[in-house]
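Keep the picture open beside the text and look up each residue as it comes along.

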Amino acid sequence: MILNNMRHMNGLADTALTFGWQLCTHAIGDSANSTILKLYKTYLKGKNDKRWHIEHAQVVDPKDQKYFKEYSVIPSVQPTHATSDAPWAEKRLGKKRMKGAYAYKDLLKQAGYIALGTDFPVEDISPIATYYTAVYRTNTDKGKPFQPENALSKKDALRGMTIWAAKSVFLDKEKGSLEPGKDADIVILDQDLLKEKQEKLLHTTVIYTIVTGKIMYKH
C-alpha cells in the first residue's frame with residue numbers, strides 16, 4: 001500500500017534535491033522498495049553524496065538491490081525485524097520473495113555501508129538486541145538462525161550502529177567513532193562485543209553512558 005500518491009512523492013524528491021535535503025522514505029515490501037528506488041533513480045541520476053535513505057528495506061527484490069549501489073542509496077534497517085518476523089514471514093511472503101527479505105548482508109554489499117537501528121517502540125529498545133540479531137540472526141542463544149547467509153560480521157554490525165549510522169545522516173565528522181575533535185559519546189560495557197561468546201552476549205550490561213563527555217548513566 002502506497003500511503004501517498006506518486007505526484008506527492010515526486011514533489012518531495014524534487015524539493016529535497018533543490019534544497020539539498022536528505023530524503024528518507026519508509027518502505028517495507030518489495031513493491032514499495034522498487035517504487036521508491038526507481039523514484040530516487042529519476043532524481044539522483046547516478047552516484048552522489050546526497051545520502052538518501054530507504055527506511056526498513058525489509059523486502060527488496062534481488063533485481064532491484066543494484067539501485068542502492070548505482071544511486072548511492074542508504075539502507076537503514078532494524079535487524080530485530082528479521083527475528084520477530086521469522087515465524088510467519090515465508091507464509092506471508094512466499095518462498096520466492098524470501099531471497100530478498102531481511103537481506104542485510106546483500107544490501108551492505110550493494111550500498112557499501114548500512115545503518116542499523118532498533119525501531120523502538122515497535123521492537124526492543126536494547127541496542128544489544130540489535131547487535132545480536134544482526135550477527136546471529138536469532139534472538140536467543142539456542143534459537144535456529146533465520147537466513148544466516150545474510151548475517152553481518154561482528155565488526156560490520158558494530159559499524160552499522162556507530163560510524164555508519166553517523167555517516168548516514170552527515171554526522172560522521174562529529175560522532176560515530178572515538179577520534180580527536182569528535183563528541184565524546186561513549187558507552188562502556190562489561191564485556192567485549194567482538195570477542196565474547198554468543199551465549200553471553202545477550203547478558204551484556206551497560207556500565208556507563210557518556211554523552212559529549214558527561215556521564216549520563218552509571219550502573
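The report below visits a pocket, a helix and a loop in turn. Keep in mind that this is a predicted model.

## The largest pocket

Let's start with the largest pocket, whose volume is about 1100 Å³. It is lined by 35 residues, and those closest to its centre are Leu158, Met161, Thr162, Asp185 and Val187. Several elements give two or more residues to this lining: helix 8, helix 9, helix 10 (163-168), strand 5 (186-189) and strand 6 (206-211).

What kinds of residues make up the lining? There are 20 nonpolar residues, nine polar ones and six charged ones.

## Leu158, a residue by the pocket centre

Leu158 belongs to helix 9, and it is among the lining residues closest to the centre of the largest pocket. Is Leu158 buried, exposed or partly exposed? Its relative accessible area is 30%, so Leu158 is partly exposed, a label for values between 20% and 50%.

Setting aside residues up to four places away in sequence, Leu158 touches Tyr131, Leu193 and Leu194.

## The buried side of helix 9

Now turn to the buried residues of helix 9, which are Asp156, Ala157 and Gly160. Why do they lie on the same side of the helix? They cover an arc of only 100° around the axis, and that places them on the same side of helix 9. The buried residues pack against helix 7 (104-111), strand 4 (115-116), helix 8 and helix 10.

Take a closer look at Gly160, a member of helix 9. Gly160 counts as buried because its relative accessibility is 0%, and the cut-off for buried is under 20%. Not counting residues up to four places away in sequence, Gly160 touches Ile114, Ala115, Leu116 and Ala165. Tyr131 is 29 residues from Gly160 along the chain, with 9.0 Å between their C-alpha atoms.

## Asn150 in its loop

Our last stop is Asn150, in the loop between helix 8 (127-136) and helix 9 (154-161).

Which residues does Asn150 contact, leaving aside its neighbours within four places in sequence? They are Tyr102, Ala103, Tyr104, Lys105, Asp106 and Arg137. With Asp106 there is a polar detail to look for: a polar atom of the Asn150 side chain lies 2.9 Å from the backbone nitrogen of Asp106.

Terms used:
Residues are numbered from 1 along each chain as its sequence is written. This is a predicted model: local features need pLDDT of at least 70, side-chain atom pairs count only at pLDDT 80 or more; totals for chains, interfaces and linings use all residues. Side-chain values use heavy atoms; hydrogens and water are left out. Helices (H or I, at least four residues) and strands (E, at least two) are DSSP runs, numbered from the N terminus. A polar contact is a pair of N or O atoms within 3.5 Å; within protein, one must be able to donate a hydrogen and the other to accept it, and residues adjacent in sequence count only if both atoms are side-chain atoms. Contact means heavy atoms within 4.5 Å. On a 1 Å grid over the protein atoms alone, a cavity is a set of points where a 1.4 Å probe fits but cannot get out, and a pocket is an open set with protein on both sides within 12 Å along at least five of seven lines; lining residues have an atom within 4 Å of a point. Grid points are joined across faces, edges and corners, and a volume is the space filled by probe spheres set on the points. Ala, Val, Leu, Ile, Met, Phe, Trp, Tyr, Cys and Pro count as nonpolar, Asp, Glu, Lys and Arg as charged, and the others, Gly among them, as polar. Buried means under 20% relative accessible area, exposed over 50%, partly exposed in between (1.4 Å probe, protein chains only). The arc is that of the directions from the helix axis to the C-beta atoms.
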